Amino acid sequence: MADRARLVGVEHDHRITKETDSQFLFGYQRAILLSLKEAGVLNEAQYRLAERKLNNQFHAYI
């Protein structure tokens, strides 16, 4: 049987919002873009454009 991950608990649970966790959301969105690029869903040009838009959005917000 394959190993499986399971959630055993949550500490310091709170709602994630742009106001409280903008750095986390930026990293999470960037990780999704990288995953899409690695999976071949986005090509290099599409990835760079999306990353640039994400960076601009993040810097405009902070």
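Helix 2 (44-61) is part of what covers the buried residues of helix 1. The buried positions in helix 1 (18-38) are Asp21, Ser22, Phe26 and Leu33. Buried denotes under 20% relative accessible area, exposed over 50%, and partly exposed the range in between, with a 1.4 Å probe and protein chains only. Helices are DSSP runs of H or I with at least four residues, numbered from the N terminus. The model is predicted: local features need pLDDT of at least 70, side-chain atom pairs count only at pLDDT 80 or more, and totals for chains, interfaces and linings use all residues. Residues are numbered from 1 along each chain as its sequence is written, and side-chain values use heavy atoms, with hydrogens and water left out.

Glu51 belongs to helix 2. Its relative accessible area is 11%, so Glu51 is buried. With neighbours within four places in sequence set aside, Glu51 is in contact (heavy atoms within 4.5 Å) with Arg30 and Leu33. Leu33 is itself among the buried residues of helix 1.

Helix 1 is kinked by about 45°, with the kink centred on Phe24. The bend at a residue is the angle between axes fitted to the seven residues ending there and the seven starting there. After helix 1 comes Gly40, with a positive phi near 85°.

Phe24 also contributes to a nonpolar surface patch, together with Ile16, Tyr28, Ile32, Leu36 and Val41. The accessible area of this patch totals about 560 Å². Areas follow the Shrake-Rupley method with a 1.4 Å probe; for residues, only the protein chains shown count as cover. Patch members have over 30% relative accessible area and no salt bridge; nonpolar side chains (Val, Leu, Ile, Met, Phe, Trp, Tyr) are joined within 5 Å, like charges within 9 Å. A salt bridge places a side-chain nitrogen of Lys or Arg within 4 Å of a carboxyl oxygen of Asp or Glu. Ile16 sits in the segment before helix 1. Ile16 is partly exposed because its relative accessibility is 42%.

His12 lies in the segment before helix 1. Its relative accessible area of 73% makes His12 exposed. Most residues other than glycine have a negative phi. His12, however, has a positive phi, near 55°.

His14 is found in the segment before helix 1. At 46% relative accessible area, His14 is partly exposed. Its side chain reaches the backbone oxygen of His12 at 3.3 Å. The side chains of His14 and Asp21 form a polar contact of 3.2 Å. Such a contact pairs N or O atoms within 3.5 Å; within protein, one must be able to donate a hydrogen and the other to accept it, and residues adjacent in sequence count only if both atoms are side-chain atoms.

Key
Helices (H or I, at least four residues) and strands (E, at least two) are DSSP runs, numbered from the N terminus.
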